[in-house]
Structures are given as structure tokens and as C-alpha cells.
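Please look through the model shown here before reading the notes below.

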Amino acid sequence: MIYTLRPGPFLKPASWRLGDGALVETRNGREKVWPLRDLRVLRIANGANRYVPDEKVARLSFPKGATTFSSHSFQGLARYADQSAQFGAFVRALCAEGKAFAPEARFEAGAVRGEGLLAGAMAILAGGTLLVLFGAMTAGAIGLGAEIAARLAFVLSLMFAVSPWL
């Protein structure tokens, strides 16, 4: 069974082929073989593409990496072709083969969320702001430190402003 899609505007079509206990990924003429006996997690989630609200994404995690593919293929400027029927059939076959070759693997359904990444970046930025302010105070350049810390705090406030929409 083969599943093919074009991931994005500047990317060539990619395909995933299932057979012989392996998933073979072909991108840009290169093949990568993922043995299904090494499968750790197969997660089906809602995509994060704002142009395709009903997009589904499959992410397969292996010890030496991961592969991801979605239910929609890029067609043109903000146009995506719905391949949900083929995607669903391919994922069902992949789950059946995955259960047969890797019974210890986890099969999950969830959402792709960006809060963890944003929260981590905000924490690092807040810590950096405090360190700059503290370093400037100990060096006797409180005016310069306050100016730099204010700019960092402004970026932090912008990050807080967009967090409700994620």
C-alpha cells in the first residue's frame, strides 16, 4: 500500500510505502526504511495548518527518528487537496501492521499543540530578562540594563498576547 502527498509549496511529492514489515519513506529521491518492529509511538492528531482546519497528521516515532505525514496535499496558493479517505485507509493498514510487528508500541490520538514550546520560550526569555537586569545592577549600569530589560519584556508581552489563540 502506498500513500503519496506534496507536503508544501517548495517541497517535492513524498510517499510512504507499507510492506515486508517496514515503512519505506521516499522524499527527494531518497528512501528511508523504518522497520515496524522498532515502532514506539504512532500518534494521530489534528493538524496545525490554518488553511486546513480538518487536517489530520500521523507521526510515527522510532528509536532513530520520526516521520510525519498529513491527510492533505498542497495544490497551490493556500489550496490543499483532501486525501482523508486514502490517509485513513493507509493509517488503518499501518496500525494493523504495527500491532503485528511491535505489540509494545503505543497508538495514541491527540492534538498537536504549541503551548509547551511557547511556554518554554517565554520562561527562557523571562529568566534572561531578570539576568540582564541583575547583571546590569551589579555592574553599575542600571540605566542600560533597564533599557535592555524593557525591550525583552516587550517581546515577552507579545508572546503572552498570542498565547490564548494557540
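Which elements of the protein chain have the lowest and the highest mean pLDDT? Strand E10 (residues 106-111) has the lowest, at 79, and strand E4 (residues 30-35) the highest, at 92, where pLDDT is the predictor's confidence in each residue, from 0 to 100. This is a predicted model, in which local features need pLDDT of at least 70, side-chain atom pairs count only at pLDDT 80 or more, and totals for chains, interfaces and linings use all residues. Residues are numbered from 1 along each chain as its sequence is written, and side-chain values use heavy atoms, with hydrogens and water left out.

**Confidence and elements**
- The protein chain has a mean pLDDT of 86, and 95% of its residues reach 70 or more.
- Helices (H or I, at least four residues) and strands (E, at least two) are DSSP runs, numbered from the N terminus.

**Aromatic rings**
- A search of the whole structure finds 8 aromatic pairs, counted when rings of Phe, Tyr and Trp (its six-membered ring) have centres within 6.5 Å, with planes under 30 degrees apart called stacked, over 60 edge-to-face and the rest tilted.
- Tyr-3 and Phe-90 form a stacked pair, 5.8 Å centre to centre with 25° between the planes, and this pair links strand E1 (residues 2-5) to helix H1 across 87 residues.
- Tyr-3 is buried at a relative accessible area of 2%, and Phe-90 is buried at 1%, where buried means under 20% relative accessible area, exposed over 50% and partly exposed in between (1.4 Å probe, protein chains only).
- Phe-69 and Phe-90 have ring centres 5.6 Å apart and planes at 70°, so their pair is edge-to-face; Phe-69 lies in strand E7 and Phe-90 in helix H1, 21 residues apart.
- Phe-69 is also buried, at 2% relative accessibility, and one aromatic cluster is formed by Tyr-3, Trp-16, Phe-69, Phe-87 and Phe-90.

**The loop residue Gln-83**
- Gln-83 lies in the loop between strand E9 (79-82) and helix H1 (84-101), and is buried, with a relative accessible area of 16%.
- Leaving aside neighbours within four places in sequence, Gln-83 is in contact (heavy atoms within 4.5 Å) with Tyr-3, Thr-4, Leu-5, Ser-71 and Ser-73.

**Pocket lining**
- Residues lining the largest pocket include Leu-5, Trp-16, Arg-27, Glu-55, Phe-69 and Tyr-80, and strand E7 (residues 65-70) gives the largest share of this lining, 3 residues.

Terms used
On a 1 Å grid over the protein atoms alone, a cavity is a set of points where a 1.4 Å probe fits but cannot get out, and a pocket is an open set with protein on both sides within 12 Å along at least five of seven lines; lining residues have an atom within 4 Å of a point.
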